[in-house]
Amino acid sequence: MNTAKNESQCNTAPVRKKAVLMDGIYLNGPTLDIKAAEVFVQEALPLILEEAVWKAIDVREKVCEWQPPERLKEILDLELKEEGEDHSKILERCKDAMRYSVKTGHPRFFNQLYAGMDPYSLVGRFITEAINPSLYTYEVAPVFILTEEAVLKKMMGFLGWEKEGDGIFSPGGSVSNMYAVNVARYNHMPGIKEQGLSGMPRLILFTSQECHYSVAKAAAFLGIGTNNVYVVSSDERGKMIPAELEKQVLRAKEEGALPFLVNATSGTTVLGAFDPLEDIADICQKYSLWLHVDACWGGAALLSQKHRHLLKGIHRANSVAWNPHKMLMAGLQCCAFMVRDKTGLLQRCHSAQASYLFQKDKFYDISYDTGDKSIQCSRKPDAFKFWLMWKAVGTRGLEERVDRALALARYLAEEIKKREGFQLLMEPEYANICFWYIPPSLRKMPECSEFWEKIHKVAPVIKERMMKKGSMMVGYQPHGNRANFFRQIVISPQVSREDMDFVLDEIEALGKDL
């Protein structure tokens, strides 16, 4: 057989044949106008770069151009109609979509636990969106299967797992936490996969009062029930109290229930607290409990020699959730779920063995068909952008990002302490800086209940004003019995000391009349 000749023939253009009519439709040739599509993409890409990239990271531009929902509906003309619009109109639609979206890559976007724009990750996303692969089998996504494997292996190395483990990228940290609950439950009672919940003992999991809400959602979704999530008290800094955890475990046992999982948090959403993993691991070992660490936010500290002590003991975890799209700026979404297991636990827990995807007689090593470890079928190649970025900046570059972000957080905390009218909630442990702004009208008022009622109303007004002005975005929230306070998150390497000063100056300017 002449292989070269056959390959050449495979690449020849199709021969035009007589038209075929089927069900009233002519089937010959593609219906897409390739030339017109090429022109549209060539016109759209520079527009995207200008509006969604370069303007979006320019500190002189607005973070957002606020419009109320009803007005924005009118501007966007959301109705979907019978006939399509021409390309010039669609380009206008694109421009409007970018204009009225929040610029999360802006140096003064501090609203969430992600921010900034990494060019290598962005190009990685361009590539995967253009190729549009799905990560169930090696045959349809060879490059992306291998890059995911490489990234997981490197991340598990930072967890300190001597024999590595297993893992998969999931569509969000909430799903990673759900994976943890499901895998831990299966590990305790494998029969639940086939037999379901009927006849099973009452299962109890434990988590701190500062944990992410996805833990309760996972319990609800998996049929465990939110009443069976035992909440463990935290100290004044938001860290789980190990002695309180042990009390809750003993309580569950006395009730005749089956404790099976402890969820510890490394980097809580609001306060940025890190649970004491070594002490928690001791309790888990004592009572044979699965230890899951939600390090979605705080996992990045593992790359820093200065700050990795925050996660001391994570090597003892049975599973870990870690989101590189947060502090490491890999771009939404990029979320790893990893288990310290090499026996195929993920596969056994989730596999359905769909024969149309996971044939046993393929011509290559089917261990690279990783899709059956996932609860999804279609799955995006979220690890690739992180792999490309890591290749570009190296481990040292990622470490510098973490160190710089935490140094800026420390700078802002020190500036808050110097300024009249600003009050820290507590010294930051990570990149969460929580503080109150006290307007001049309240600065001589005693800190009584009336004072805190008035302070509670300050942050929402300032947030409204900054949004409508478009100058910056900083989040706020109440916490327990504490009045609303600002939560500043520092991530992006594009952020400067001047931006930190601007935050305080702008809050003062927006709120001094309150």
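**Exercise 1. Locate Val-123 and decide whether it is buried, partly exposed or exposed.**

Step 1. Val-123 is found in helix α5. Helices are DSSP runs of H or I with at least four residues, strands are runs of E with at least two, and both are numbered from the N terminus. The model is predicted: local features need pLDDT of at least 70, side-chain atom pairs count only at pLDDT 80 or more, and totals for chains, interfaces and linings use all residues. Residues are numbered from 1 along each chain as its sequence is written, and side-chain values use heavy atoms, with hydrogens and water left out.

Step 2. Buried means under 20% relative accessible area, exposed means over 50%, and partly exposed lies in between (1.4 Å probe, protein chains only). The relative accessibility of Val-123 is 40%, so Val-123 counts as partly exposed.

Step 3. Val-123 and Ala-243 are 120 residues apart along the chain, and their C-alpha atoms are separated by 48 Å.

**Exercise 2. Describe how helix α14 packs with helix α15.**

Step 1. Two packed helices are described by the angle between their axes and the distance between the axes. Axes are lines fitted to C-alpha atoms, for helices over the stretch in contact, and angles run from 0 to 180 degrees between N-to-C directions.

Step 2. For α14 (residues 449-456) and α15 (residues 458-469), the angle is about 15° and the axes are 4 Å apart. α14 is therefore roughly parallel to α15. The classes are roughly parallel for angles under 35 degrees, roughly antiparallel for those over 145, roughly perpendicular for 65 to 115, and oblique for the rest.

Step 3. Contact means heavy atoms within 4.5 Å. Lys-454, Ile-455 and His-456 of α14 meet Val-458, Ala-459 and Pro-460 of α15. These residues divide into four nonpolar, one polar and one charged. Here Ala, Val, Leu, Ile, Met, Phe, Trp, Tyr, Cys and Pro count as nonpolar, Asp, Glu, Lys and Arg as charged, and the others, Gly among them, as polar.

**Exercise 3. Describe the crossing of α13 and α16, including its handedness.**

Step 1. The axes of α13 (residues 382-418) and α16 (residues 497-511) come within 10 Å and cross at roughly 35°.

Step 2. The crossing is right-handed. A crossing is right-handed if the near helix is turned clockwise from the far one by less than a right angle, and left-handed if anticlockwise.

Step 3. From α13, Leu-408, Tyr-411, Leu-412, Glu-415 and Ile-416 meet Arg-497, Met-500, Asp-501 and Leu-504 of α16. The contact has six nonpolar, no polar and three charged residues.

**Exercise 4. Classify two aromatic pairs and say which parts of the chain they link.**

Step 1. Rings of Phe, Tyr and Trp (its six-membered ring) pair if their centres lie within 6.5 Å; planes under 30 degrees apart count as stacked, over 60 as edge-to-face and the rest as tilted. The structure holds 18 such pairs.

Step 2. Phe-206 and Tyr-230 are 6.0 Å apart, centre to centre, with 85° between the planes, an edge-to-face pair. Phe-206 is in strand β5 (residues 203-208) and Tyr-230 in strand β6 (residues 229-232), so the pair ties together parts 24 residues apart in sequence. Both Phe-206 and Tyr-230 are buried.

Step 3. The ring centres of Trp-297 and Tyr-430 are 5.1 Å apart and the planes stand at 75°, so this pair is edge-to-face. Trp-297 is in the loop between β8 (290-294) and β9 (319-322), and Tyr-430 is in the loop between β11 (422-424) and β12 (432-437), 133 residues apart. Trp-297 has 2% relative accessibility and so counts as buried; Tyr-430, at 3%, also counts as buried.

**Exercise 5. Describe the surroundings of Cys-296.**

Step 1. Cys-296 lies in the loop between β8 and β9. At 6% relative accessibility, Cys-296 counts as buried.

Step 2. Neighbours within four places in sequence are left aside; Cys-296 is then in contact with Gly-173, Ala-321, Trp-322, Asn-323 and Lys-326.

**Exercise 6. Examine the backbone at Asn-132, Glu-164 and Gln-333.**

Step 1. Most residues other than glycine have a negative phi, and most peptide bonds are trans.

Step 2. Asn-132, not a glycine, has a positive phi of about 60°. Asn-132 is in the loop between α5 (119-131) and α6 (142-159) and, at 61% relative accessibility, counts as exposed.

Step 3. Glu-164 has a positive phi near 60°. Glu-164 lies in the loop between α6 and β4 (166-170) and, at 29%, counts as partly exposed.

Step 4. The peptide bond from Leu-332 to Gln-333 is cis, with omega near -15°. Gln-333 is in the loop between β9 and β10 (335-339).
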